[in-house]
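Please open the model in a viewer and keep the selection tool at hand. The stops below proceed from one selection to the next.

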Amino acid sequence: MILVTAANGNQGKRLIPRLVAAGGELRACVRSDESARALRAAGVSDVLLGDLSDPAVLARAVRGVETVYYVGPALHPDERATGFAAVDAAKRAGVTHFVFSSVLHAIITDLIQHEIKRDIEEYLVSSGLEFTILQPANYMLRHRLIPAFEDAAFRLSWSLDRYQSMVDVDDVAQVAATVLADPARHAGATYELVAPGRYTAYDLARVISGVTGREVAAEKIDAMVFLKASLGVENLHEVPYQAEVLRAISARYSSHDFIGNPNVLTWLLGRRPTTFEEFVRREFRAIQNQTE
């Protein structure tokens, strides 16, 4: 049996259909009724609803499982402790392989979420479990394109001149499915998952302009304004940890580039990874089809 955590998140939405199509036993763990309903509709019969920071929920999640695909709780102050506990629980339950979704350049310690994932990587490597670690670059995500499609503005909360590497989440899900289908082949591996290209915000805006046929401007927005909008809060005192994480991201990405190399992802996919232009074309076409 395979356990997938955060099974209705960015990766899960794309990974679960692949695992369902492949057959085999699958357990999906989520934290909301809405996500549980979506997974059952997608064909997952074994859906566990609960918070993995609860030891009882975690113990139920790993019971009878051979392989874990662990995606930690994003922007959660207990992310490190929950990751450690997941490794410990997997080991106690006799899990034979633990696949951890980490992040590109987890060694960057002034990025809070990177330092946490680095610590979980170290804990996993030292656990005695068979492991595989995936390190994706920044995701290409549709919701970041919506303002560009609707308002002709591509917005980031850090310096518009810094370069970043990205990756299509569909490509990450394909790699995850490949690893989960034959974990022994990938035992002990740490894979950087990066698409071709290095882009400033201006470069990304030019790509979107070329796809949509209208001029799209790159705009820098205040990180805290962005956080309030994304979390739907008025007072950042309600979300102190999330605010601290986003401040660190904006500071780091404003002072340093965040880049990687596509060779490993190309090998794992057996094809050229999805480029940012291909991603934009796909998402723009999907949105156009929805409005027709």
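Select D170, which counts as partly exposed because its relative accessibility is 23% (buried means under 20% relative accessible area, exposed over 50%, and partly exposed in between, with a 1.4 Å probe and protein chains only). Before going further, note that this is a predicted model, in which local features need pLDDT of at least 70 and side-chain atom pairs count only at pLDDT 80 or more, while totals for chains, interfaces and linings use all residues. Residues are numbered from 1 along each chain as its sequence is written, and side-chain values use heavy atoms, with hydrogens and water left out.

D170 belongs to helix α7 and R14 to helix α1, so the pair ties together parts that are 156 residues apart in sequence. Helices (H or I, at least four residues) and strands (E, at least two) are DSSP runs, numbered from the N terminus. R14, at 25% relative accessibility, is likewise partly exposed.

Is D168 buried or exposed? D168 is buried, at 1% relative accessibility, whereas R282 is partly exposed at 24%.

For another salt bridge, select D119 and R118, where the closest N and O atoms are 2.6 Å apart. D119 is buried, with a relative accessible area of 13%; R118 is partly exposed, with 27%. The structure holds 18 salt bridges.

**Stop three: aromatic pairs**

How many aromatic pairs does a search of the whole structure find? The search finds 9, where rings of Phe, Tyr and Trp (its six-membered ring) pair if their centres lie within 6.5 Å, and planes under 30 degrees apart count as stacked, over 60 as edge-to-face and the rest as tilted. Select W158 and Y253: their ring centres are 4.8 Å apart and their planes are at 85°, so the pair is edge-to-face. W158 sits in the loop between β8 (153-156) and β9, and Y253 in helix α10 (residues 240-255), so parts that are 95 residues apart in sequence are tied together. Both W158 and Y253 are buried.

Next, select F276 and F279, a tilted pair at 6.2 Å centre to centre with 35° between the planes. These residues are 3 apart in helix α12, a separation of about one helical turn. F276 is buried with a relative accessible area of 1%, and F279 is buried at 2% relative accessibility. Finally, display Y70, F98 and F100, which ring pairs link into a cluster.

**Stop four: the second largest pocket**

Return to α1 (12-22) and α7 (169-181), each of which supplies at least two residues of the lining of the second largest pocket. Select M1, I2, R18, L19, A22, G23, G24, E25, L26, A177, L180 and A181 to show that lining. On a 1 Å grid over the protein atoms alone, a pocket is an open set of points where a 1.4 Å probe fits, with protein on both sides within 12 Å along at least five of seven lines, and lining residues have an atom within 4 Å of a point. The volume of this pocket is about 160 Å³.

Conventions: Points joined across faces, edges and corners; volume = space filled by probe spheres on them. Salt bridge = Lys/Arg side-chain N within 4 Å of Asp/Glu carboxyl O.
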